[in-house]
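Take a look at the structure below.

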Amino acid sequence: MVNYSENNIITLAGTIVSEKQFSHEVYGEGFYTFDLEVPRLSENSDIIPVTVSERILGDNFKVGQKVVIDGQFRSYNNYENEKNTERYRAYPKTLFRPRF
């Protein structure tokens, strides 16, 4: 059997481009979302939605800061107006500011 938690590993480096917003709470632990702008080699950028635990996020991260995320990339189906769309989101296990 495949253990997806061991195979689904990402590292993203980018800039926080939106304020954190409360998303939900699980067993008393709050989760927040923000958008991360990740540059490509083509000089374009992707905006990646991120959902992170309050204990990882803290108050140390602000819009405009460069960060590195180690975690997972997950997809889920979103049903709106009788349409099914697939959504993607990064879930960090660690979040830190690089030294560069």
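Q: Where is the place of Asn81?
A: Asn81 is in the loop between β5 and β6. This is a predicted model.

Q: Why does Asn81 count as exposed?
A: Its relative accessible area is 74%. Exposed means over 50%, so Asn81 qualifies.

Q: Where is the place of Tyr27, and what is its phi near?
A: Tyr27 sits in the loop between β2 and β3. Its phi is positive, near 50 degrees, and Tyr27 is not glycine.

Q: What makes Tyr27 exposed?
A: Tyr27 has a relative accessible area of 86%. The cut-off is over 50%, so Tyr27 is exposed.

Q: Which residue takes a positive phi in the hairpin of β3 and β4?
A: Glu43, with phi near 75 degrees. The hairpin has five residues between its strands.

Q: How do you know that β3 and β4 pair?
A: Nine bridges join β3 and β4, in the antiparallel sense. At least two bridges are needed, so the strands pair. Tyr32, for one, has Val52 in β4 as its bridge partner.

Q: How many aromatic pairs does the structure hold?
A: Two.

Q: Why is the pair of Phe22 and Tyr32 called edge-to-face?
A: The planes of Phe22 and Tyr32 are 80 degrees apart, and the centres are 5.5 Å apart.

Q: Which parts does the pair of Phe22 and Tyr32 tie together?
A: Phe22 belongs to strand β2 (residues 21-26) and Tyr32 to strand β3 (residues 29-39), so the pair links parts 10 residues apart in sequence.

Q: Why does Phe22 count as partly exposed?
A: Phe22 has 47% relative accessibility. Buried is under 20% and exposed is over 50%, so Phe22 falls in between.

Q: What makes the pair of Phe73 and Tyr88 stacked?
A: The ring planes of Phe73 and Tyr88 are at 10 degrees, with centres 6.1 Å apart. Stacked means under 30 degrees, and a pair needs centres within 6.5 Å, so the label holds.

Q: Where do Phe73 and Tyr88 lie?
A: Phe73 lies in strand β5 (residues 66-80), Tyr88 in strand β6 (residues 83-96). The pair therefore ties together parts that are 15 residues apart in sequence.

Q: What class of accessibility do Phe73 and Tyr88 count as?
A: Phe73 is partly exposed at 33%, and Tyr88 is partly exposed at 43%.

Q: How do you know that the charged end of Arg74 sits over the ring of Tyr91?
A: The charged end of Arg74 is 4.3 Å from the ring centre of Tyr91. The distance limit is within 6 Å, so the value passes. The charged end of Arg97 likewise sits over the ring of Phe61, at 5.7 Å.

Q: Why is Thr33 called buried?
A: Thr33 has a relative accessible area of 17%. Thr33 is in strand β3. Beyond its sequence neighbours, Thr33 touches residues including Glu19, Ser23, Val50 and Arg89.

Q: Which residues touch the most other members of the largest nonpolar core?
A: Leu12, Phe34, Leu36, Val50, Leu57 and Leu95, out of 17 residues.

Q: Which element gives the most to this core?
A: β3, with four residues.

Q: Which residues is Val50 in contact with?
A: Among them are Tyr32, Phe34, Leu36, Ile69 and Pro92, leaving aside neighbours within four places in sequence.

Methods
Residues numbered from 1 in each chain as written. Predicted model: local features only at pLDDT ≥ 70, side-chain atom pairs only at ≥ 80, totals over all residues. Heavy atoms only, no water. Phe/Tyr/Trp six-rings, centres within 6.5 Å; stacked < 30°, edge-to-face > 60°. Buried < 20%, exposed > 50% of the residue type's maximum accessible area, 1.4 Å probe, protein only. Lys NZ or Arg CZ within 6 Å of the ring centre and 35° of its normal. Contact = heavy atoms within 4.5 Å. Core = buried A, V, L, I, M, F, W, Y, C linked by side-chain atoms within 4.5 Å.
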